[in-house]
Amino acid sequence: MYRFESWGEFLAMGGHGWFVWGAYAASMAVFAWLVAAPLLRSRAILDQVRRAAPPPLSPTEPEGEA
Amino acid sequence: MASWPQWLHRLGSPREFYRLSGRALPWLAVAAAGVSMVGLVWGLAFAPPDARQGHSFRIAYLHVPVSFLALAGYYLMALAGAVGLVWRVKLAHMTLRAAARVGAAFTFVALLTGALWGKPTWGTYWVWDARITSMLILFFLYLGVIALGQAYRGERADRAAAVLALVGTVNVPIIYKSVDWWYTLHQPATIKLTGTTTMHPAMLHPLLVCIAGFYLFYALLLVLHVRAEILAGERRTRWVRELALGERG
């Protein structure tokens, strides 16, 4: 059963809104960072490897030049 | 059909782990997000408020699972360190590095949510209580493992980090027992694997869902961080180059 009469009451958390929502917001920020950090790192590594790799040998798909 | 040891050996190869975990990742992400969201919304909006603490009790749905995982994750990290030291498995050392990062962040969240719960409940954000102090030590242990892993290069760093992780395990039972050994401000565990759980089912059920959800979320984070460690460690190998070139366009 839903425990609150209104959205305002839900946000107020019986006067403890700052603590409850502060805890949830700060945690979500850390969790978002925990998900994003390894994805960004992986992408950066793959980009770096790609730049360092020799150009493809295949002549069938020329890049830019006619 | 590969036999057990063969299968284990293949999974121990970073390349194979990267390939297989890539397939499991979307399912794990959906399961982790789904179960945690159900648990947290249930706890925030539908569970009854605590008779004494009121709505500030709802921080428990975050604080308890995250603290569980901060501790369980330390064992996992130490186990990875032991496997890496004994059998010299590269993937084990990569797992240790990943577990150290995720564990440090979870311990930080446990301390932070604990402080925000402590203020309305005990009237203070921080107290040098046995449980809280030993959790702070856990945080520093995680940071120490991260720092050692970065201080040296190669195998020396792996071994040093693994040794510190193993030595630090003495702290974990102290954290578990701290609320029983020293009678302090932090309340004793309400969920017990053996014995009776002193919590109303209407509050316990969403908490159990949250714990399951955060176990899944921890697994997801660990896999993501191990995959990044694999790419970092294997960046000069042929398969990573092929992977990088294959991802173009």
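In the predicted model, B:Arg58 counts as buried because 29 C-beta neighbours lie inside 10 Å, where 20 or more are required for that class. This arginine is placed in the loop between helix H2 (14–46) and helix H3 (60–87) of chain B. When neighbours within four places in sequence are left aside, B:Arg58 is in contact with A:Val20, B:Gly43 and B:Leu44. B:Arg58 and B:Pro26 are separated by 32 residues in sequence, and their C-alpha atoms by 29 Å in space.

The proline B:Pro26 also marks a feature of the helix H2(B). A kink of about 40° lies at B:Ala24, shortly before this proline. An α-helix has 3.6 residues a turn, so residues three or four places apart point the same way.

Chain B as a whole contains 9 helices and 0 strands, and from the N terminus on its elements run α-α-α-α-α-α-α-α-α. Along the principal axes, its C-alpha atoms fill a box of roughly 60 × 35 × 35 Å. Of its 249 residues, 39% count as buried. Among contacts in chain B between residues at least 6 apart in sequence, 76% join residues at least 24 apart.

The largest nonpolar core comprises 69 residues, and those with the most contacts inside it are B:Ile59, B:Met77, B:Leu96 and B:Val102. Elements of both chains give two or more residues to this core: H2 of chain A, together with H2, H3, H4, helix H5 (130–151), helix H6 (154–168), H8 and H9 of chain B. For B:Met77, the residues touched beyond four places in sequence are B:Leu96, B:Ala99, B:Ala100, B:Gly103, B:Val145 and B:Ala165.

The contact between the two chains takes 27 residues from chain A and 35 residues from chain B. On the side of chain A that touches chain B, helix H2 (residues 17–52) of chain A gives the most, with 18 residues. That side of chain A divides into 19 nonpolar, 5 polar and 3 charged residues.

Within this contact, H2(A) packs against H4(B) at an angle of about 175°, with the two axes 9 Å apart. Since angles over 145 degrees fall in that class, H2(A) and H4(B) are therefore roughly antiparallel to each other. From H2(A), the residues A:Phe19, A:Gly22, A:Ala23, A:Ala26, A:Ser27, A:Val30 and A:Leu34 take part; they meet B:Val102, B:Ala105, B:Phe108, B:Val109, B:Leu112, B:Thr113, B:Leu116, B:Trp117, B:Lys119 and B:Pro120 in H4(B). The residues of this contact divide into 13 nonpolar, 3 polar and 1 charged. B:Val102, listed here on the H4(B) side, is also one of the residues with the most contacts inside the largest nonpolar core.

H2(A) also packs against helix H9 (residues 238–246) of chain B, where the axes come within 8 Å and cross at roughly 95°. An angle of 65 to 115 degrees counts as roughly perpendicular, and H2(A) and H9(B) are therefore roughly perpendicular to each other. A:Leu46, A:Val49 and A:Arg50 of H2(A) make this contact with B:Val240, B:Arg241, B:Leu243, B:Ala244 and B:Leu245 of H9(B). Its residues divide into 6 nonpolar, no polar and 2 charged.

A:Met13 is found in the loop between helix H1 (7–12) and H2 of chain A, and B:Arg88 in the loop between H3 and H4 of chain B. A:Met13 is buried, because 22 other C-beta atoms lie within 10 Å. B:Arg88, by contrast, is exposed, with 12 other C-beta atoms within 10 Å.

Note on methods: Residues numbered from 1 in each chain as written. Chains lettered and ligands numbered in written order. Predicted model: local features only at pLDDT ≥ 70, side-chain atom pairs only at ≥ 80, totals over all residues. Contact = placed C-beta atoms within 7 Å. Helix = DSSP H or I, 4+ residues; strand = E, 2+ residues; numbered from the N terminus. Nonpolar A, V, L, I, M, F, W, Y, C, P; charged D, E, K, R; others polar. Bend = angle between axes of the 7 residues up to and from the residue. Axes fitted to C-alpha atoms, helices over the stretch in contact; angles between N-to-C directions. Parallel < 35°, antiparallel > 145°, perpendicular 65-115°, else oblique. Core = buried A, V, L, I, M, F, W, Y, C linked by C-beta atoms within 7 Å.
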